[in-house]
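Take a look at the sequence and the 3D structure below. Keep both in view as you read.

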Amino acid sequence: MFKADRALTLDGELRAQPDAGGRGSLVDIAASKIAIVGAGQDSSDLRADGYLVVDAGSLTRFGAGSLLVGGTRTGNVRGLQVDVAASDVVLRNTAATALSGPEVILAAANAVSIESGSVLRADGRASGDEANLVLKPQVAAVWSDNNTPNDTSDDHIVTPSRDWGALVRVSSGQAVRALRENVDTTVGGQVRIGAGALLQGGEALLLDATNNTEMAAGAQLSGKALSVAASRIGIGGGSGGLVLDADALAQLSRAQSLTLHSYGSLDFYRSLDMRGLAQVVFDAAALRGHGADTVQVQASHLTLQNTGASLGAAGTGGGRLALSADELVLGVGDKTMSGFDQVLLSASRRIAGEGTGGLDAGTSALTLRTPVLQGLSGADQALRTQGPLVLQQDAPLDAQEMAALGRASLGARLSLSGQGVTVALPVLALGGSIAVDAGTGNLTLAESGRLHAGGLEKVFFDAARYVDAGQISLATQGGLIDLAPGSLLDLSPHPRGGDAGRLTVDASAGGRVHFGGTLKAQADAGGNGGNFVLAIDRLDDFGALARTLNDSGFSRSRQFRVRQGDLAIAGTTRVADFEVITDRGVISVDGTARVEANAAYGGSIRLVGGAGLTMQPGAVLAAHATDAIDGLGSSRIDLEAVDGQLHLAGGTLDLSGGEGGKLRLRAQRTAGNDGLNVTALNAAVQGARSSVLEGVRRHASADGTVESVAPQAIAEAHAFAGNTGILARLGGNAAAYTLAAGIEITSPGDLTLGRDWNLFDSFGAAHREGTLTLRAGGNLNIEAI
């Protein structure tokens, strides 16, 4: 490292050649202003302006494996940290005195200027693995230790860091990135390339300006991997940042790989044909349209990402954006599209989500056209639009290629949302999650639509391990969820191991559901079956849905939440954990109903009728513990009428197996606290070791504290549970039950428990079977110690 103020003469030779595979020597030159001047060039104006003037030929002949002019480098976990010391760096030379080396980096806070006719060239063999350049912020973050200097857990940033600057890199080695944080695009950060200047990047050319990048007419750029950055980038128009006209675009298109990196937006005024490049990356917070024409972007491999840019104003256009590639990758960071009425993303092989990020198309109608939408392993990507979202399949892939893509999607999370969503292609996120939200519109899974979130096998050396299937979520607010014949929701595990996944369907805001397609959640090899959750206003044919779920393998758990109407449970249901809640309706267990909740250590059945619950003769609710080795386990059946009547006209409640099950019936107490809203208890009870009939009373807290109503609640609970005449008056099988008192304390706002409440002291062993519920419309505060 060299630091100088007025002069630096390097007439010697650096002998520091690395061994095979090693990293070459790093030479850093730091000063407040640096000018690299070729022989025969006048530098008097630069010297007068305070520049440290270094001979270009001497720098080239010195033989550095990597040369940094304008700062110093130190090790960093993310690469090499660059501490920029120079405000300005100027290159003034000719082809005869070209500045060259395996890697040359020019860095400044204000401006890097490659003057007219100057030449910067990557030359020689790069050695070692190149590392990303981590720019140390111009203004460091201000931290507070919260007056606890020995405890770093509560340290926080008072003022965030700020960074700006300019950097030019040519290299015979691989491309690297300039990593900045909290970029300020209003200060410094200028890269200026004069007329006739020549930048020969060799393998990689990087131009990174946080403000403006200016390329004069006749400037020549080249490099296999070319990356250009500015505060904004205009394709064919606009002002400020970097404006790419036809000549500049023609130069850029001669690279093999091109990255357009904007610290704000990419603004499109014209179409862009980059099909001759192997890879194109758009790195920006926003893609914005200007005008009413169609903007077409064509590339072989196209990536959309945002590695740290800030979102600005929306685009002003109203045209159509069509991004077309063989492979299109939705990369890291949150990205938006605006100024387009329609957006088309098409890829002839696949569209893939990579890393964590999202794409928001604003109000545009968004269409994806590709053989498959795939989340790459570990990806977490969201596709959003306030307009309609359509996923179209243009050509199917063969089974072998689909299987390979599926294996590469382990643990991916994909979220798709629009005002109306149509899925007509395969979506892959094996062992991960797929969420589709149609807003207030319809959600259609067409005949060619496939959502794959099943399990898979991973082999580590000679040992196979099995990843459980993931989750699929479907939602609409008032629309129709339509699974067309031929469509598929796949939550099945691998045939040789693992558990099936979870399907969640939410149509609770007036929506409807049509299960016309195929559901797969069957588990083999000792695994658990699938989990099913449905929230809906009304469910008219429970029996038909139960048959579908039985056949599809959803045997681990099923949860139904019916928001508005009544529900009639009919037919056969086979699942280990079964729950039905109606918010405002009556649950009727039909005489043909048979619910079999079997599990090794006890199944579970819970029915909660918001307006009452009835059970007809012939109905069977059976929850069994099936452990045949030790005879362990305890099943459970809970039946509750939140309001209205509990009416068990007949049927069987079977809790046999294991150590015997637990049965609990709940209903509201009467106004006089001397009865409860039960009109019949004629269901036969089998195999229960505990049968409780619980009368519940609500106590509203006027001041938002538990203590204000607890004494009355305790006294009334004792009076109710100790009333031996209540069971006698009910008749039927009432004698088989233990009477208990339930207490529910509510508040429309916050509810606070301000001191310890020892429930044994309040109720003792005699009345311990009751349930205490604390319910708050706001926060529930437990402040007792």
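This report goes through strands, a cavity, salt bridges and a helix.

## Ground rules

This is a predicted model: local features need pLDDT of at least 70, side-chain atom pairs count only at pLDDT 80 or more, and totals for chains, interfaces and linings use all residues. Residues are numbered from 1 along each chain as its sequence is written, and side-chain values use heavy atoms, with hydrogens and water left out.

Helices (H or I, at least four residues) and strands (E, at least two) are DSSP runs, numbered from the N terminus. Two strands pair if DSSP finds at least two bridges between them.

## A four-strand sheet

Start with an open sheet of four strands, in the order β6-β7-β13-β17. Its pairing is mixed. The edge strands are β6 and β17 (178–179), and each pairs on one side only.

Strand β6 covers residues 71–76, and strand β7 covers residues 79–84. The two are antiparallel, with six bridges. They form a hairpin, with two residues between them. Find G75: its opposite number in β7 is L80.

Next comes β13, residues 133–135. Three bridges join β13 to β7, and these strands run parallel. Here Q81 stands opposite V134 of β13.

## Strands around a cavity

Two cavities of 30 Å³ or more turn up in a search of the whole structure. A cavity is a set of points, on a 1 Å grid over the protein atoms alone, where a 1.4 Å probe fits but cannot get out; lining residues have an atom within 4 Å of a point. Grid points are joined across faces, edges and corners, and a volume is the space filled by probe spheres set on the points.

The second largest cavity holds about 60 Å³ of space. Which strands each supply at least two residues of its lining? They are β34 (340–353), β37 (373–375), β38 (380–384) and β40 (413–417). Lining residues include L330, G353, Q374, A382, L383 and S415.

Some of these strands pair. β38 and β40 are parallel, over five bridges. A382 has S415 in β40 as its bridge partner. Strand β35 (residues 356–360) also runs parallel to β38, again with five bridges. There, L359 stands opposite L383 of β38.

## Salt bridges

A salt bridge is a side-chain nitrogen of Lys or Arg within 4 Å of a carboxyl oxygen of Asp or Glu. The whole structure has 34 of them.

| Pair | Distance, N to O |
|---|---|
| E115 and R92 | 2.6 Å |
| E103 and R169 | 2.7 Å |
| R288 and D267 | 2.5 Å |

Take E115 and R92, which meet in a salt bridge. They link distant parts of the chain, 23 residues apart. E115 sits in the loop between β11 (111–114) and β12 (119–122), while R92 belongs to strand β8 (residues 88–92).

Are these two buried or exposed? Buried means under 20% relative accessible area, exposed over 50%, and partly exposed in between (1.4 Å probe, protein chains only). E115 counts as partly exposed because its relative accessibility is 26%. R92 counts as buried because its value is 13%.

Now take E103 and R169, which also meet in a salt bridge. E103 lies in strand β10 (residues 103–108) and R169 in strand β16 (residues 166–171), so the pair ties together parts 66 residues apart in sequence. E103 is at 10% relative accessibility, so E103 is buried. R169 is at 1%, so R169 is buried too.

One links E640, R664, R666, E694 and E769.

## A helix and its neighbours

Finish with helix α6, residues 710–721. This helix has twelve residues and reaches 16 Å from its first C-alpha to its last. That is close to the expected 16 Å, where the expected span is 1.5 Å times one less than the number of residues.

Which residues of α6 are buried? They are A710, A713, I714, E716, A717, F720 and A721. What do they pack against? Their partners are β70 (688–700), α7 (725–730), β71 (738–747) and α8 (759–763), where contact means heavy atoms within 4.5 Å.

How values were computed. On a 1 Å grid over the protein atoms alone, a cavity is a set of points where a 1.4 Å probe fits but cannot get out, and a pocket is an open set with protein on both sides within 12 Å along at least five of seven lines; lining residues have an atom within 4 Å of a point.
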